[in-house]
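Trainee: Could we go through the terms used for rings and helices here, setting each value against its cut-off?

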Amino acid sequence: MLFPQPSVRLTPSSLLYGGRSHDKSHLLRSGQYLYNELPVRLAHRIEGFRNLPFIVGCNSTILKVHEMYIRAFHTLYNHEKITDIESERKYTETLESLLDQHKDIIQLLAQGFSESRKHIKDERLIQAFLDRTLKSRLGIRVLAQHHLAMHNEQPNHVGIIDVCFSPRSLLENSVEFLSTLCRDRYGYAPKVQYQGHMAVKFPYMPQPVEYIVGEVMKNAMRATVENNLRNYSNIPDVVVTLANNNTDFIIKVSDRGGGVPHDIEDKIWNYNYTTADSLTDDQVQTGGIFGEVMSPAGRAGESASRMHGYGFGLPTARAYAEFLGGGITLETMQGIGTDVYIRLSHIDSTSNVKKPGFRI
Ligand SMILES: Nc1ncnc2c1ncn2[C@@H]1O[C@H](COP(=O)(O)OP(=O)(O)O)[C@@H](O)[C@H]1O
Ligand SMILES: [Mg+2]
């Protein structure tokens, strides 16, 4: 049995300093690395699906995802070898189409586990499977998108990495998008204030940060509005604070949305745990549209374009933050509101020996 072999993970700075060449040899090198690496990573995931409890693995939605991984494995494993620019071009086209076919997998997993998890007593089993699957998927997508982006260089970018990444503009764009979503759902959206090191810029890959910030911000906005249903004229602001240092950067999102009640505090990090159904639409006295809105095209691609959903927001955001060498913690004051701290390691955080950075 050839697989699974150990995976070869890259430092993010090797993506950044991987080099560019006029003869496109950097594209060949990157393609050859993916050609060897992606089947190994997919094989590990397929093994994960095989080891799921039988009753979960038989769920039709989970089976569908499992089969998608198997198909992707065969497509990439049997692909023509990358020897020149022409074979590299074909490989890149294949990658692009696979990325597209797999874009809704988180939603499928969320749906599959919400149907089948009642059969499983051990929550840790599901948590471990989903943490591993989602982190690995993020790694694969980052590498594949980096390769695609190197074909199509944007100013100030090296592949997927924005060398002048501005957390402020990411936050503002995300808030603008989510405010529209929030207004469509509830008729109102809280204002957002920014404070701290908002002017900083450094190299980073924006996509996973956009996902994490989006999920945390949706929760803050939802809690704020739902906790102030009779007080629309005076909704408290959400406050975002940014701290930057040599090792990492920290985004704190503070809301006055009433906090996370004591009795659910230890469940909110579980995949599929949600209080989405606890508020009926009759309670939402919106000046806007009642009920579930038509989804605007999901801007972040995989981020659900709704204010809440399958209870995947927090655990997925935490898995992504851990993947980026950081984490998420939540402090809540029942009756007042919640502070969420998102910590993400810098790409070049070699200055700190205790925290050696992360690998993709
Ligand atoms: N800022 C917050 N204030 C109050 N409750 C929160 C907050 N963030 C999360 N929660 C609670 O945690 C639950 C799980 O959140 P999440 O994983 O994002 O799933 P979802 O948003 O789909 O319900 C939410 O349903 C909500 O009850
Ligand atoms: Mg959420």
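**Rings and burial, term by term**

Mentor: Let us begin with F73, which in this predicted model has 12% relative accessibility and therefore counts as buried.

Trainee: What makes F73 buried, and what makes Y77 partly exposed?

Mentor: Buried means under 20% and exposed over 50%, with partly exposed in between, so the 12% of F73 falls in the buried class, whereas the 35% of Y77 makes that residue partly exposed.

Trainee: Why is the pair of Y211 and Y320 called tilted?

Mentor: Their centres are 4.9 Å apart and their planes 50 degrees apart; because stacked requires under 30 degrees and edge-to-face over 60, this pair counts as tilted. Y211 lies in helix α9 and Y320 in helix α10 (residues 313–323), so the pair ties together parts that are 109 residues apart in sequence.

Trainee: How do you know whether Y211 and Y320 are buried or exposed?

Mentor: Y211 has 5% relative accessibility and Y320 has 0%, so both fall under the 20% limit and count as buried.

Trainee: What makes α9 mostly covered?

Mentor: Of the 21 residues in α9, 17 are buried.

Key. Residues numbered from 1 in each chain as written. Chains lettered and ligands numbered in written order. Predicted model: local features only at pLDDT ≥ 70, side-chain atom pairs only at ≥ 80, totals over all residues. Heavy atoms only, no water. Buried < 20%, exposed > 50% of the residue type's maximum accessible area, 1.4 Å probe, protein only. Helix = DSSP H or I, 4+ residues; strand = E, 2+ residues; numbered from the N terminus. Phe/Tyr/Trp six-rings, centres within 6.5 Å; stacked < 30°, edge-to-face > 60°.
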